Amino acid sequence: MSIELFIENLLSPPVLFFFLGIAATMVRSDLEIPAPIAKLFSLYLLWAIGFKGGVALRDAGLEWSALAPIGAAVAFSAIVPLVSFPLLRRAFNVHDACALAAAYGSVSVVTFVTAADFLEAREVVYGGEMVAALALMESPPIIVALMLRRFLLSRSASTDASPAGHDNGKGHSIRQLLHEALTNGPVFLLLGSFTAGLLMMPTGVEPLRSFSHDIFHGVLVLFLLEAGMVSGTRLRELMRMGVPAVGSGVLLPLVNAAAGIAISAMLGLSVGNAVMLTVLAASASYIAVPAVMRLAVPEANSGLYLPMALGVTFPFNVCVGIPLYLMIITWLWPEATPPV
């Protein structure tokens with residue numbers, strides 16, 4: 001059963017088209033998706049997943065069973081940098097450790113969307129509160145990681161300190177960082193569409209159903225085709241990163257996934273919610289975090305944290321992690337029905 005689950009996932013349309021995108025770069029095909037179209041795909045997926053999550057949470061009601069996993073997810077995302085930063089600091093300089101701690105504490109919307117499609121194909125239901133968790137988990141690890149970097153730089157004059165004329169982390173207040181994180185385009189759209197779905201009357205939802213549901217899978221496939229092409233361009237960078245970086249790109253999501261499963265068990269989450277919380281815990285941001293780090297920590301090596309998140313962790317989760325997490329959770333949850 002478990003082998004069939006992995007094979008079925010690898011042969012699913014999103015994963016196949018992701019590999020097709022990688023293959024296109026490897027054979028140097030002139031296949032190209034224009035940047036405005038790729039951005040439109042991204043905006044649509046953010047809108048659709050936020051809107052559907054808001055509608056689902058409205059239908060379920062705001063009860064403790066919904067608020068508890070949201071609070072636990074946000075707290076977990078803030079704690080991850082506190083734990084991972086000291087460990088990453090042993091192998092990387094303070095700037096790179098900051099960027100990596102933020103990336104692996106934050107989340108990947110595309111990984112979440114792919115997991116949602118994977119569960120939907122198996123009729124495994126998850127709650128709209130997980131979309132709220134997705135939106136709220138993105139910012140805390142960025143802020144915590146930047147605060148840790150600021151603290152270390154203020155306490156030490158080591159060789160990792162910023163060169164003269166560069167930002168040393170003191171020019172960004174918590175208020176500024178919070179504002180930048182919450183008004184970041186993807187986060188703002190996700191939160192906004194989630195709120196709209198939560199507040200909208202049922203009569204207003206029905207006319208949008210064909211747009212929010214029917215074309216969702218097709219857009220996801222095309223988006224992952226473009227994501228595969230972007231990942232393929234990072235393969236050479238991955239080869240230069242060495243075993244520690246590539247190994248961290250697999251080990252970190254596995255450790256975070258184990259913590260996500262433990263939290264899900266303690267909260268008594270359903271199988272669907274447990275899988276989605278675990279996917280959020282195991283994912284790494286390659287959109288929001290790089291955008292912030294380019295401004296707040298220009299000393300961090302984007303040729304390290306971006307390929308690790310996009311070229312290692314993302315493919316690992318999409319191809320292996322998601323079915324693995326579902327398999328483990330259905331094995332641990334006594335009342336769960338084995339995936340088919």
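Author: Leu-20 counts as partly exposed because its relative accessibility is 45%, where partly exposed lies between buried, under 20% relative accessible area, and exposed, over 50% (1.4 Å probe, protein chains only). The model is predicted: local features need pLDDT of at least 70, side-chain atom pairs count only at pLDDT 80 or more, and totals for chains, interfaces and linings use all residues. Residues are numbered from 1 along each chain as its sequence is written, and side-chain values use heavy atoms, without hydrogens and water.

Leu-20 lies in helix α2; helices are DSSP runs (H or I, at least four residues) numbered from the N terminus. Together with Ile-3, Ile-7, Leu-10, Leu-11, Leu-16, Phe-17 and Phe-19, Leu-20 forms a nonpolar surface patch with about 730 Å² of accessible area. Patch members have over 30% relative accessible area and no salt bridge, and nonpolar side chains are joined within 5 Å; a salt bridge is a side-chain nitrogen of Lys or Arg within 4 Å of a carboxyl oxygen of Asp or Glu. Areas follow the Shrake-Rupley method with a 1.4 Å probe. Helix α2 gives the largest share, four residues.

As for the rings, there are eight aromatic pairs in the structure, with ring centres within 6.5 Å, planes under 30 degrees apart counting as stacked, over 60 as edge-to-face and the rest as tilted. Trp-47 and Phe-51 are stacked, 5.2 Å centre to centre with 10° between the planes. Both residues lie in helix α3, four residues apart, and both are buried.

Conventions. Patches are made of residues with over 30% relative accessible area and no salt bridge: like charges are joined within 9 Å, nonpolar side chains (Val, Leu, Ile, Met, Phe, Trp, Tyr) within 5 Å. Helices (H or I, at least four residues) and strands (E, at least two) are DSSP runs, numbered from the N terminus. Rings of Phe, Tyr and Trp (its six-membered ring) pair if their centres lie within 6.5 Å; planes under 30 degrees apart count as stacked, over 60 as edge-to-face and the rest as tilted.
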